[in-house]
Amino acid sequence: RDWKTRRPIAVLPSMALLALAIVALATAAVDQTCPSTNRALVLRHRPEVGVHMSPSNFEIVELPKPADLGEGKVLVRNLYASLDPTQRIWATDDAQYMVPASLGEPMRAATIGVVEQSNEPSLPVGSHVVGVGGLQQYYVTSAAEGAADVGEDMPLTAHLSVLSFIIGLTAWVGTYDILDVQAGDTVVISGGAGAVGSLAGQLAKM
């Protein structure tokens with residue numbers, strides 16, 4: 001099923017790989033253990049043009065768990081990661097809207113996690129933060145790097161779907177800022193079955 005609690009979806013080999021990786025990385029989050037290492041899905045090889053990503057593009061590795069935190073830094077244990085089509089773009093070295101994902105580093109992904117250690121008063125231990133934590137169990141971040149406490153008012157997974165900077169913001173900007181939908185308009189969304197497209201369709205009806 002969709003990792004953002006939506007309906008069942010067709011799973012391509014690359015998506016299945018990432019999904020299995022998320023299951024592996026989530027083990028510590030489920031059983032509440034505190035491993036001494038940081039399991040991560042590392043990007044080893046960039047995908048070829050016109051070819052789906054495959055297991056050969058990635059490797060699950062055990063990295064050192066971050067230990068020393070600088071001023072203003074927090075250690076986050078990832079609970080959820082967002083799997084998005086844009087990761088296929090990030091994995092290439094093509095010109096794109098962000099710097100390409102780095103080879104030998106955990107694959108880039110938006111994540112929700114819980115703060116386990118903190119040197120930042122605005123992000124205390126136990127708070128849930130959204131950020132670009134990557135496909136790994138732990139990462140170090142800060143408020144200055146965009147980490148934000150999501151609070152308890154909404155389900156955590158909503159911050160990786162309707163409220164996310166990848167899906168929710170893309171749908172909002174596309175619908176209202178670029179398309180500028182007005183009452184009475186007929187809107188056609190070619191990718192209406194996807195996470196962004198399905199949300200854009202709902203926004204267009206508002």
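Modeller: What follows starts with the pocket and then moves to the chain around it.

The model is predicted, and every value below is computed from it. The second largest pocket has a volume of about 400 Å³. Its lining consists of 22 residues. Those nearest the centre of the pocket are R108, V132, G133, G134 and Q136. Sorted by class, the lining holds 12 nonpolar, 7 polar and 3 charged residues.

Strand 6 has the largest share, with 3 residues.

As for the chain as a whole, 5 helices and 7 strands make up its secondary structure. Read from the N terminus, the order of the elements is α-α-β-β-β-α-β-β-β-β-α-α. The chain has 206 residues, and 41% of them count as buried.

Together with I89 and M98, Y97 forms a nonpolar patch on the surface. The accessible area of these three residues together is about 300 Å².

A171 lies in helix 4, which covers residues 168-178. A171 has a relative accessible area of 1%, so this residue is buried; the limit for that class is under 20%. The C-alpha atom of A171 is separated by 4.8 Å from that of A200, although the two residues are 29 apart along the chain.

Between helix 4 and helix 5 (195-205) runs a loop, and D180 lies in it. The phi angle of D180 is near 55°, which is a positive value in a residue other than glycine. D180 counts as partly exposed because its relative accessibility is 42%, a value that falls between the limits for buried and exposed, under 20% and over 50%.

To return to the request: the pocket is lined by 22 residues, with strand 6 giving the largest share, and R108, V132, G133, G134 and Q136 lie nearest its centre.

Terms used: Residues are numbered from 1 along each chain as its sequence is written. This is a predicted model: local features need pLDDT of at least 70, side-chain atom pairs count only at pLDDT 80 or more; totals for chains, interfaces and linings use all residues. Side-chain values use heavy atoms; hydrogens and water are left out. On a 1 Å grid over the protein atoms alone, a cavity is a set of points where a 1.4 Å probe fits but cannot get out, and a pocket is an open set with protein on both sides within 12 Å along at least five of seven lines; lining residues have an atom within 4 Å of a point. Grid points are joined across faces, edges and corners, and a volume is the space filled by probe spheres set on the points. Helices (H or I, at least four residues) and strands (E, at least two) are DSSP runs, numbered from the N terminus. Ala, Val, Leu, Ile, Met, Phe, Trp, Tyr, Cys and Pro count as nonpolar, Asp, Glu, Lys and Arg as charged, and the others, Gly among them, as polar. Patches are made of residues with over 30% relative accessible area and no salt bridge: like charges are joined within 9 Å, nonpolar side chains (Val, Leu, Ile, Met, Phe, Trp, Tyr) within 5 Å. Accessible areas come from the Shrake-Rupley method with a 1.4 Å probe; for residues, only the protein chains shown count as cover. A salt bridge is a side-chain nitrogen of Lys or Arg within 4 Å of a carboxyl oxygen of Asp or Glu. Buried means under 20% relative accessible area, exposed over 50%, partly exposed in between (1.4 Å probe, protein chains only).
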